[in-house]
Amino acid sequence: MRQWVRSFSIFMLALSFVLDHWRLRAIRRFSKGERRERAQARVFSRAGTRFRRFALRRKGLIVKVGQYLSARADIFPVSFTRELNQLQDAVPPNSFSSIEARIESELGAKLSTLFVTFERTALAAASLGQVHKATLPGGQIVAVKVLRPGIERLAEIDLSALRSLARFMQRFTKFGRRLQVWQLYVEFSRITMRELDYRIEAENLQRFRKHFQDKGFVIPALIQTLVSRRVLVMEFIDGVRVTDVHHYLPLGISPIDVAKRLIDAYLQQVLEFGFVHVDPHPGNLLVLADGRVAFIDFGMMVDFERQDVKRFAALVTAALARDLDGVVRVIDELGFLQPYADREVLKKAIAFMLDRMSGLRLTRGPELDAFLEEFQSFLHDEPLIMQGKYLFIGRALGLASGVVTTLWPQINWLEIIEQKALPLLNRTLHDEAEQSAPNWKDPLFEVIRNAFGEKGVTAAEFTLVKAREIGLSLVRIPPELDRVLQKIERDEFVVQIEMREILKRLDRQHRRSERLLWFVFFLLGSSAFAWFHMRHWPIAQGVALVASSISLLSFLVNLFRS
């Protein structure tokens, strides 16, 4: 019974957001200017408040979903994410008695035997677990992470409800198909199930520690004898939140230096190791008294293939060289572009973002307004596909960039990435060639590096890649041209006119007409039902009720699908 009630409440929450969507459509249609913006902000704020209250009341994975959404200011308005941000620190802990029983059950000994001291009040409480401070018999201070009792059953119920919602959205809504909601659910489910096993987090911690412990970062040491599926004990790190600048600034620690360290860490994770800490909210990043930065909480980690690392490296290289064609090509290789996407409009959008990242202030004018209108039309055609496997990478980079911008508001992203990413990029792009065969380019690049630095090496590499592409094109074009000429000679050459946009508009018009027809049938059926009811004709009344119900259901299904 409890499972049914919880699932039903999740569906009702989702339905409330559908109603919010209809309100927003009405606002956009009938309001303009500041009045429209205020009305939209109220709808989003109320939706965020509703989600936050629901999550704190129901707990479980709904809290984690809210925490994820709060970090996606690139997708949702600030008025919505502001309400959800309160979920980061608002989750109440479980009672000490339940935590004590879980630790003793998992580790097979009394709490007083395992620890000399154990703080009853939790240091931190998250959606899946909570952390307590304790002291081992040898005197070492440790952090004890405990999975919440009952959370595994709640996770099973919530994932089942979310699976049904994802299937419905993927099948019946344009929004769901564009965002690839089913893929997002699969990735979210996979990460969550891994988070529910602390033995996997222990492996993540040791691997991350191997990458960063000797590079000016602090990664807690694992107490390997005190690790189980539901309990994890590690070294306690004494530091302050990375965003609590007023605590470490008096110690002579510059927030800009801290920001640079974080940038170094994430560039290495993405461009070198392919193993990324995807939950870098301020509570998981600590600054120590000596200025070092510590990472904690290794439950949410993403490991991606070497080919993806190379693609991310190529993406950054093309962006730094302002090679818009190269950026679009890599985005396509990563699977984010539909075949019919207008690449010229996308290149304009990329140029706009690169200008913003370089610190260029853009003033509103006819040219910018025309571009924004063109880009809105571009997005209306749904040219972009969200890839589930990059779901948490986007979240991590969004959170990390938000923290860095807080510490360093005047940062010039292109300049800092150029300074810090180029050595990593050059090393990454050359690794495969060095492994396969001696690289004839190395002596040349060493001369260029000594003369012009890393930027010169990247420019030389970019020039060689372009020369290779042009050479391959020259080899490939003559045979292709010959095949085209032969088809023309045999009258097999066909010119296909692009009708996609026209067909889309006709399809939208057809759906509107269909909705109107079903609504008219519903009104007629309802009127007939009322008329037969007044004349006490039960059989005709039943037929009219069935007909009006079918018409209403068909109207709603058509509305959802559009």
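Which residue forms a salt bridge with Asp-264? The partner is Lys-420, and the closest N and O atoms of the two lie 3.2 Å apart, where a salt bridge is taken to be a side-chain nitrogen of Lys or Arg within 4 Å of a carboxyl oxygen of Asp or Glu. The pair links distant parts of the chain, since Asp-264 belongs to helix H12 (residues 255-273) and Lys-420 to helix H18 (residues 413-436), 156 residues apart. Asp-264 itself, at 26% relative accessibility, counts as partly exposed, a class that falls between buried (under 20% relative accessible area) and exposed (over 50%), with a 1.4 Å probe and protein chains only.

The structure is a predicted model, in which local features need pLDDT of at least 70 and side-chain atom pairs count only at pLDDT 80 or more, whereas totals for chains, interfaces and linings use all residues. Residues are numbered from 1 along each chain as its sequence is written, and side-chain values use heavy atoms, with hydrogens and water left out.

In overall terms, the protein has 22 helices and 12 strands, these being DSSP runs numbered from the N terminus (helices H or I, at least four residues; strands E, at least two). Of its 562 residues, 41% count as buried. Among the contacts in the protein with a separation of 6 or more, 66% are accounted for by residues 24 or more positions apart, a contact meaning heavy atoms within 4.5 Å.

Glu-152 forms a salt bridge with Arg-229, the closest N and O atoms being 3.7 Å apart. Because Glu-152 lies in helix H7 (residues 151-172) and Arg-229 in the loop between E6 and E7, this pair ties together parts that are 77 residues apart in sequence. Two packed helices are described by the angle between their axes and the distance between the axes. Helix H13 (residues 306-320) and helix H14 (residues 324-333) pack at an angle of about 160 degrees, with their axes 8 Å apart; axes here are lines fitted to C-alpha atoms, for helices over the stretch in contact, and angles run from 0 to 180 degrees between N-to-C directions. H13 and H14 are therefore roughly antiparallel to each other, given that angles under 35 degrees count as roughly parallel, over 145 as roughly antiparallel, 65 to 115 as roughly perpendicular and the rest as oblique. H13 passes H14 in a left-handed crossing, in which the near helix is turned anticlockwise from the far one by less than a right angle. On the H13 side the contact is made by Arg-311, Ala-314, Leu-315, Ala-318 and Ala-319, and on the H14 side by Gly-326, Val-327, Val-330, Ile-331 and Glu-333. By class, this contact has seven nonpolar, one polar and two charged residues, where Ala, Val, Leu, Ile, Met, Phe, Trp, Tyr, Cys and Pro count as nonpolar, Asp, Glu, Lys and Arg as charged, and the others, Gly among them, as polar. Within H14, the buried residues include Gly-326, Val-327, Val-328, Val-330 and Ile-331, and just after this helix Gly-335 takes a positive phi of about 90 degrees.

Arg-6, placed in helix H1 (residues 2-30), counts as buried because its relative accessibility is 6%. Not counting residues up to four places away in sequence, Arg-6 touches Arg-58, Lys-59, Gly-60, Ile-62, Leu-154, Ile-157 and Asp-158. Thr-192, in helix H9 (residues 181-195), is buried with a relative accessible area of 0%, and, leaving aside its neighbours within four places in sequence, Thr-192 is in contact with Leu-61 and Lys-64. Leu-84, found in helix H4 (residues 78-84), likewise counts as buried at 0% relative accessibility. Leaving aside neighbours within four places in sequence, Leu-84 is in contact with Gly-48, Phe-51, Arg-52, Gly-66, Leu-69 and Ser-70, while Leu-84 and Val-63, which are 21 residues apart in sequence, are 9.2 Å apart in space, C-alpha to C-alpha.
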